[in-house]
Amino acid sequence: MSGDGSPRMAPLPEPPPKREARERGAGRRDIRRRLEATRGGGAKLRRLGVLLRPYRGRTIAMFIALIAATLASLAPGPLVKHAIDDGIRAGNLGVLYLVVGLFVVSALLVWLGTAVQTYLVSWVGQRVLQDLRIQIFDHLQKLPVAFYERKRTGVLISRLTNDVQALDTLVSDAVVTLFQSTLTLLGAAVILFVYDPGLALLSFTVLPFVVIGSVVFRIASADAYRRTRETIGALTAELQETLSGVRVVRAFGREDRHEQRFAELNEENRSANMTTVHLNAAYFPAVEFTSALATLLVLAVGGVQVVQGETTVGVLVLFMATLGSFFDPIQQLSQLYTTYQSGMAALDKIFELLDEPVELDDAKDAVELPHVAGRLTLEGVSFRYSPQTPWALQDVDVELEAGKTLALVGATGAGKSTLAKLLARFYDPTEGAVLVDGHDLRSVTQHSLRSQLGIVPQEPFLFSGTIGENLRFGAPDAPDDVVLAALDAVGAKAFVLELPQGLNAEIGERGVQLSGGQRQLLAFARALLSDPRMLILDEATAAVDPRSERQIEQALHTLMRGRTVVVIAHRLSTIRNADQIAVLDGGRITERGTHEELVAAGGMYADLDASWRSQGVGSAGIAPEPPEPPVAAPGSASADA
Amino acid sequence: MPDRPSMGRVRTFTRLLGFLAPYKVGSILSVVFALLAMIGTVAIPAISGRAIDAATAGDRSALTNWIWALAAAALARWILTVARREIAGRVSLGVERDLRRGFMTHLQSLELAYFEGSRTGQMMSRATVDLAAVRFFLGYGLIFMVQSALTIILSAIAMIWINPALAVQALAPVPFVVWIARRYGIRARPSLQEVQQRVGELTSEAEESISGVRVVRAFAREDRQRERFAHSAERVFAQSMDATKLRAFYNPLIGFLPQIGLVLVLLVGGRQVINGNLTIGEFTAFYVYVLALLGPMRILGTSLGMAQRAIASGARLFEVLDREPRIVAAEHPIPLPDGPGHIELHDVSLQFERASVDAVSGLDLEIAGGQVVAIVGPTGSGKSAVAALISRLYDPTGGEVRLEGVDLRDLDPIALRREIAVVDDAPFLFTASIRDNIAYARPDATDEEVVLAAQRAQIHATIVGMDQGYATQIGERGLTLSGGQRQRLAIARALIAQPRVLVLDDATAAVDATTELALVEGLRDAVSGRTALLITNRPATLALADEIVVLDHGHVVDRGTATALRERCELFRDLTDLGAEYAPSLALAAREVEGL
């Protein structure tokens, strides 16, 4: 809209370079890879387009508004031309009024069109992105637990946030820019050509410079902005570290080193920014100059033509007013590539996640697991995490009557956790079968299985929210008195009621801080409330303070009563009281029986039992004189909880 | 932005301008160049108008002259703008660097107590968001504001010169556009911030579902998580639309208003041309002026909004910068005398900020050089306060703390802290390699020293078992370590500092029983010949102590050997009796590898 030769303000010299590839920056110079990235983009965009389908009506309305606003914004040039030539110069007030009327109409159209288009683009774009987010989230929920062991939480979250955000720019900004700029460019060219082909060709002579200059500037500045982003990122990270670690920094008196490092990074950031200053100083004023040059050419040649009566003053003004619509779109279009590239990179990552197979989906003919007594059976179960890895479990047979307790004993890597995971159907056995009351786990729905199965992990995970919400996680409808009874049963009622808000106390970052022992008790109460038939328990290895320790032992006892329990045991009392003890070694059950039977058998368990007793880490409390480290072999001594 | 008293705002603004002081020449030059360039900019439409008049009059030589004038103006503007951008860019980046560095240096001078609580996030947002707002304004906003205002004023002068009455009408929308653009900037910002806030909520929602995936699966509550996530996504949508509505309302309006000026030029100016009161060239010049003012009007509005934000941010920055450090080095610090690490606390009281009771009060404690003393006490008994006092992370509110007989306040705090290594229960590790983390206190430590420290802290075997060994990256962007591993690494870090005094503040809390036994052996070598303070209730670690002090409510309740205390002190028995029986040799599960 701005006139030629006008002081078109350059955009803020720190334009949002966030648009371009976050992780794919390295390949920017690699033309071949770029072309490859572009190829197949169509298929990906089509897949994205599917998301648009429910909002077809709004999408069409959006494009209509966009086209109307863009075309109307081109009207002033020709209108002014006619106002001058047919109204003012001809002394015809009627024509002048008519033109002014049309001008007002076009301005109103632009106003309305832009408002509608702004709203609809954002509506459709945001809707699609939220739908996509939910789709990703749903897919994540269906992926097997094994998947989460491979991927870092941060990476998965960034799929839902950063990558979707990168698409936002592609969907809302890029589409509009592509449409609007192309339309403006073409429309302006047509108008100029229609009114004076000769002058049009003349003014187009500066175009190659602008186009080449813009492209070169984009490429150069993309690198420069990436550097500024990287350096500011490093600077922020350093600051974050220095602040989070302020205690360590002070405790060791290392302020000087951090300050020096910060100063270096600060200087790097400055020099990276300086490059962008140079680039901007080279580019924006040059574009301004080129655009003035185009006006100058039109005025010089067109002016002579006016003198000779070959063209009109109106045409000159039309050119001056319209040439501006020519330079802006070129600048904007030159930004598109980077947006497209980063959007595509994000799309790649999102689709890769969505294409991740849902291995443990319920079988087509899966049935609801009926109410079970809780008899657990493992029939010749072997398992490995992938065909390349060694067997984690081999030929394991277990028969556990309903209501009995099985303690799993063995060193790290013996297969205890794997066995527990198979029971919870976080994995399916590679060979053999896991059965509950005779039902193969693969034949029943996961939901019906898990609603009768409780799992208490080693490290209790509590969600943010209130204590009550957390306790009711497995039993959303439990009334307060039932919740309190569960708390009482695990011995946690007292501390919860001592909190100012009781059950409604928020936990987590902004709420009350809970000790490790308290968290464990809450996790027990949560499991107790959901009242599962079967319980899989992974005892914590690290000690909490002695008082809580006693409470935990009590609570465990309550929790296990009357259920089928498989426990990865670390407490001597738990092991000794179990109905069955299975000693695992190298993925096989090497010994099984009760405590007495196993001690009498004189095998590995008997040795272990003897060593525990000799260490004297018993109820006496203080270990009298610490003996030689019990596991002196390197590699094992270091593994801790 | 909540309105602050305007006097304060003016003061903040002037103080902000103070950051430009070291760049006086550059700042003045940029304004001068901007002014000159704007004169060129404003001259161009006027000259174009003259050229059109010349063309209409059929005066070819005048036309040629005006064309040359136009070329000269364009060229001059080009050169001046390039120069202005280079100079202003340099100034703004200099200001940015100084500001950031000043902020950082000031933070380093503040005492630790200032950072307690949840202040890291707040400090980060000051150091990033607020600092960016200020530097954007000082670096770019100010020059844009000056430039836009200049363009508008100079154009107005030029227009008034040509035809005052028409100028007034054509310029009528300017104040409205500026005002509305500023208003938009002010209203849009909180809305956009709220969008970010809600994206943050969505992120934590996703994070919980992902980190807690096993619990979700175990309780078969996928539906609940989905509902919550969908709700968060819906909230992001709603807020984005709120921001969109503002944009859809203001942006087209800002675009529309100047069109009124154009319409008036067409209508009124056109009639004047017909009446012969205005030349066609002057008419064109007017039209082009109004077109040319579209950008500056919008930018002036935006920069005014920017200025407002910068002032609010500046106020928050000054709040930090104006805070005087409370623990300062003595003016003439006494050099720390050589000694065995003799520590005395005389009638020491400490009350933490925002706390209502003393963490410790009237505490007397003497630790002879080379002695290993353990402090036992329930949560909140003041155990950790003792550790913080000894390394002068806090100054006592009453009494005095001495090392080798010298009051800590008379020593150079950094020299002091290099002699006292503290390990707490949740040690912070830096994003760096394991080696660099261990060698934090002495980056020039040899590999042998690093390995020895790691061996004594019982972490060597774990490290060697990692893919990249000591070069493994840890911290926020690296490998995640278990609590016990972190603690042992922190102990290694403290050992390598070869401190005169070693303070372990619950530093073995997350280490499993078996490893703790081995660790105690490693520490036995490491503390020999040093003063050590062990703050722990764990029996195995207590076995290292020559003497045990029992603390409760900030007072010493009893002290003696473990055997004696077990005999006579009920609190001691209660705190250290392990009740539960452990099967230590089975407790080998590395949590991040195994576990449900």
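**Close-up views of the predicted model**

View 1. Strand 11 (residues 547-552) of chain B runs antiparallel to strand 12 (residues 555-560) of chain B, and five bridges join the two. In this predicted model, B:Val549 has B:Arg559 in strand 12 of chain B as its bridge partner. Two residues separate the strands of the hairpin, and B:His553 in the turn adopts a positive phi of about 50°.

**View 2. Helix 6 of chain B and its kink.** Helix 6 of chain B comprises 39 residues (residues 173-211). Within helix 6 of chain B, a kink of about 25° is located at B:Ala188, shortly before the proline B:Pro190.

**View 3. The open four-stranded sheet of chain A.** Four strands of chain A form an open sheet in the order 2-1-4-5, with antiparallel pairing. Strand 1 (residues 376-383) and strand 4 (residues 431-436) of chain A pair in the antiparallel sense over five bridges. A:Ser382 stands opposite A:Glu431 in strand 4 of chain A.

**View 4. Helix 14 against the sheet of chain A.** Helix 14 (residues 416-423) of chain A lies across strand 1, strand 2 and strand 4 of chain A. The direction of helix 14 is at about 120° to strand 1 of chain A.

Note on methods. Residues numbered from 1 in each chain as written. Chains lettered and ligands numbered in written order. Predicted model: local features only at pLDDT ≥ 70, side-chain atom pairs only at ≥ 80, totals over all residues. Expected span 1.5 Å × (residues − 1). Bend = angle between axes of the 7 residues up to and from the residue. Pairing = 2+ DSSP bridges. Contact = placed C-beta atoms within 7 Å. Axes fitted to C-alpha atoms, helices over the stretch in contact; angles between N-to-C directions.
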